[in-house]
Amino acid sequence: MGTATCGRCGSRLVSRDPKSLGRAWAWWLAGVLAYIPANLWPMLRTRTLWQEESSTIIGGALELWRYGNMGISVIILVASVGIPLAKFFAIAYLALSARNGARASPGVRMRLYEVVEYIGRWSMIDVFVVAILASLVQLNVVARIDPGPASLAFALSVIFTMLSAQAFDPRMIWDGIEAEARPPRDAPSA
Amino acid sequence: MADGTSIFADAALEDLVACPECDAIYRAADVPSGARAVCSRCHTVLIAPRQRAGMAIISLALAAIVLVVGALWFPFLRIDARGLWQEASLWDVATSFPDGPLLFVSVAVTAAILVLPLLRAALILYTLVPVVFDRPPRPQARRAFAWSERLRPWSMAEVFAIGCAVSLVKIADLATVSLGPAFWMFAALVVVTVAQDQLVCRWSVWRSITRA
């Protein structure tokens with residue numbers, strides 16, 4: 001093999017990183033754990049002259065829906081609930097099928113991996129919304145919006161899940177196909 | 001198109017290209033400007049050179065730096081409600097999470113919308129300016145370009161833009177919102193970053209900075 005670093009960019013070279021799956025699962029678990037308080041704790045604290053209320057991610061989206069902003073409500077629900085949950089399932093499926101094989105073809109699983117990698121960062125929308133609202137709505141006693149602890153849990157969950165997707169080595173999706181293409185006498189008996 | 005079925009024993013290493021996603025090996029062909037070589041197994045784009053892309057990328061990176069720095073100076077958004085008003089700069093938005101554990105969110109947001117777009121533009125300039133002007137590449141050019149690529153998913157200007165849209169609708173019921181100059185500069189930054197990432201052909205850049 002000779003040198004184990006890329007002559008071009010200096011990265012360490014590995015054919016298949018044996019720890020790749022372990023790291024993907026570790027970040028995945030961290031992401032799932034952070035996602036729980038992200039939904040239970042308040043994302044925004046709104047104080048007006050008359051009342052003070054805290055809303056969670058889902059609560060805030062449902063409130064928007066009630067006030068007729070259905071499009072925005074759907075964007076928030078997709079970015080903050082749909083995408084994270086879909087990512088958890090997709091990464092778990094890819095990681096399990098990399099070890100155990102899958103009925104879905106490598107092409108389909110590769111497409112799934114690309115989608116997961118692409119959409120992960122869009123979940124940050126809700127954190128940015130909180131940042132904008134909290135910096136802007138500071139009208140003394142009349143109205144005031146402050147970020148809640150869920151913003152931290154949610155941001156961490158998005159970051160951990162992105163790291164999980166990056167830790168997964170997509171080349172593992174393709175490792176099975178050479179074995180399948182081999183003539184039968186070479187094929188493993190299992 | 002790259003050719004996928006030959007035996008590669010006789011090929012020089014520089015003439016081969018491995019698909020970064022699925023590891024299929026191809027003999028790198030001379031791809032004409034504007035055309036693309038795509039992995040036949042997983043459809044990842046391998047080579048996509050553009051004419052005069054170098055100069056365009058440099059201009060866009062410079063524009064990105066000017067826009068980020070400018071957006072920091074000018075007001076970003078302003079609301080008016082019942083005689084009260086509040087103005088926020090991009091810096092206020094990025095650092096709106098108070099002390100304590102939430103400070104981490106401020107750091108993350110600042111990195112995602114200000115520091116990383118700026119840093120990536122600087123790394124691209126460091127990598128490409130000497131190459132485009134026919135000078136030998138900088139000593140750290142390879143490391144700089146590798147970092148620029150590694151940081152790509154974490155630079156989230158376009159995600160922040162959608163966040164702005166959502167917030168505007170949310171506040172619109174509560175107060176009158178006016179968009180400051182920094183808002184439009186940031187909008188331009190999103191267009192510039194997306195255009196720049198479309199133009200960069202990774203394979204051509206790597207080849208140009210390793211040749212020397």
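1. A residue is called buried if 20 or more other C-beta atoms lie within 10 Å of its own, exposed if 12 or fewer do, and partly exposed in between, with C-beta atoms placed from the backbone. Pro42(A) has 19 C-beta neighbours inside 10 Å and therefore counts as partly exposed.

2. The model is a predicted one, in which local features need pLDDT of at least 70 and side-chain atom pairs count only at pLDDT 80 or more, while totals for chains, interfaces and linings use all residues. Residues are numbered from 1 along each chain as its sequence is written, and chains are lettered from A and ligands numbered from 1 in the order in which they are written.

3. Pro42(A) sits in the loop that runs between α1 (20-40) and β1 (44-48) of chain A; helices (H or I, at least four residues) and strands (E, at least two) are DSSP runs, numbered from the N terminus. Leaving aside residues up to four places away in sequence, Pro42(A) touches Ser54(A), Ser55(A), Thr56(A), Gly148(A) and Ala150(A), where contact requires that the C-beta atoms of two residues, placed from the backbone, lie within 7 Å. Between Pro42(A) and Ser164(A) there are 26 Å in space, C-alpha to C-alpha, and the two are 122 residues apart in sequence.

4. How do the axes of α1(A) and α3(A) cross? They come within 11 Å and cross at roughly 155°, the axes being lines fitted to C-alpha atoms, for helices over the stretch in contact, with angles that run from 0 to 180 degrees between N-to-C directions. That makes α1(A) roughly antiparallel to α3(A), because angles over 145 degrees count as roughly antiparallel, under 35 as roughly parallel, 65 to 115 as roughly perpendicular and the rest as oblique. On the α1(A) side the contact includes Trp25(A), Trp28(A) and Tyr35(A), and on the α3(A) side it includes Phe88(A), Ile91(A) and Arg99(A). By class, this contact has 12 nonpolar, 1 polar and 1 charged residues, with Ala, Val, Leu, Ile, Met, Phe, Trp, Tyr, Cys and Pro counted as nonpolar, Asp, Glu, Lys and Arg as charged, and the others, Gly among them, as polar.

5. Helix α3 (residues 70-100) of chain A also meets helix α4 (residues 106-119) of chain A, their axes coming within 10 Å and crossing at roughly 140°. That makes α3(A) oblique to α4(A). Among the residues in this contact are Ile83(A), Lys87(A) and Leu94(A) from α3(A), and Arg109(A), Leu112(A) and Val116(A) from α4(A). The contact of α3(A) with α4(A) has 8 nonpolar, 1 polar and 2 charged residues.

6. Chain A gives 38 residues and chain B gives 42 residues to the contact. On the chain A side, the elements that each supply at least two residues include α3, α4 and α5 (125-136), and α5(A) provides the largest share, 10 residues. By class, that side has 27 nonpolar, 8 polar and 3 charged residues.

7. Chain B has 7 helices and 7 strands, and its C-alpha trace spans about 75 × 35 × 35 Å along its principal axes. Buried residues make up 34% of the 212 residues in chain B.
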